[in-house]
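Dear colleague,

I am handing over a structure that you have not worked with before, and my notes on it follow below. Please read them with the model open beside you.

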Amino acid sequence: MAFATVKFNQDINAGTDWFVDLNILNNNGTGRDVSGQTFEALIKRHYRSVNSVPMNVTLIDGPSGNITLQLTAAQTTLLKGGKFLYDVEMTRTIDGVKERIIQGVITIRPEITVT
């Protein structure tokens, strides 16, 4: 079964910890079981950028499809103000097939007060 990639744009303040809880759903709106799957997420300035910042992906509840994306304050400090692209890929452990499940634009708001 093919699933559509969800577009999910975010605004993040540089120099702060950030996270978002997400529920991966089946086409009928029920939670998609992602137990045992692996995830990878990267942020880049543009598609062809060599440099990237990895996002932490944590599986919270596999049977209901609940994951968390997270960036630490140290990671958001590395991102200059402006727009970045990101995506989250899931690899099915049974056959190694990769699926892009989420993608979007992250706008980084620069720090004003830096201590």
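Is Arg-109 buried, partly exposed or exposed? In this model, which is a predicted one, Arg-109 is partly exposed, with a relative accessible area of 40%.

The side chain of Arg-109 meets that of Asp-11 in a salt bridge, at 2.8 Å from N to O. Arg-109 belongs to strand S8 (residues 98-109) and Asp-11 to strand S2 (residues 10-13), so this pair ties together parts that lie 98 residues apart in sequence. Asp-11 is partly exposed as well, its relative accessible area being 48%.

Another salt bridge joins the side chains of Arg-100 and Asp-87, at 3.6 Å from N to O. Here Arg-100 lies in strand S8 and Asp-87 in strand S7 (residues 82-91), so the parts tied together are 13 residues apart in sequence. Arg-100 counts as partly exposed at 38% relative accessibility, and Asp-87 is partly exposed with a relative accessible area of 23%.

Asp-95 and Arg-92 also form a salt bridge, with their closest N and O atoms 2.5 Å apart; a search of the whole structure finds four salt bridges.

As for the chain as a whole, the protein has one helix and eight strands, which follow the pattern β-β-β-β-β-β-α-β-β along the sequence. Buried residues make up 34% of the 115 residues.

With kind regards

Key
Residues numbered from 1 in each chain as written. Predicted model: local features only at pLDDT ≥ 70, side-chain atom pairs only at ≥ 80, totals over all residues. Heavy atoms only, no water. Helix = DSSP H or I, 4+ residues; strand = E, 2+ residues; numbered from the N terminus. Buried < 20%, exposed > 50% of the residue type's maximum accessible area, 1.4 Å probe, protein only.
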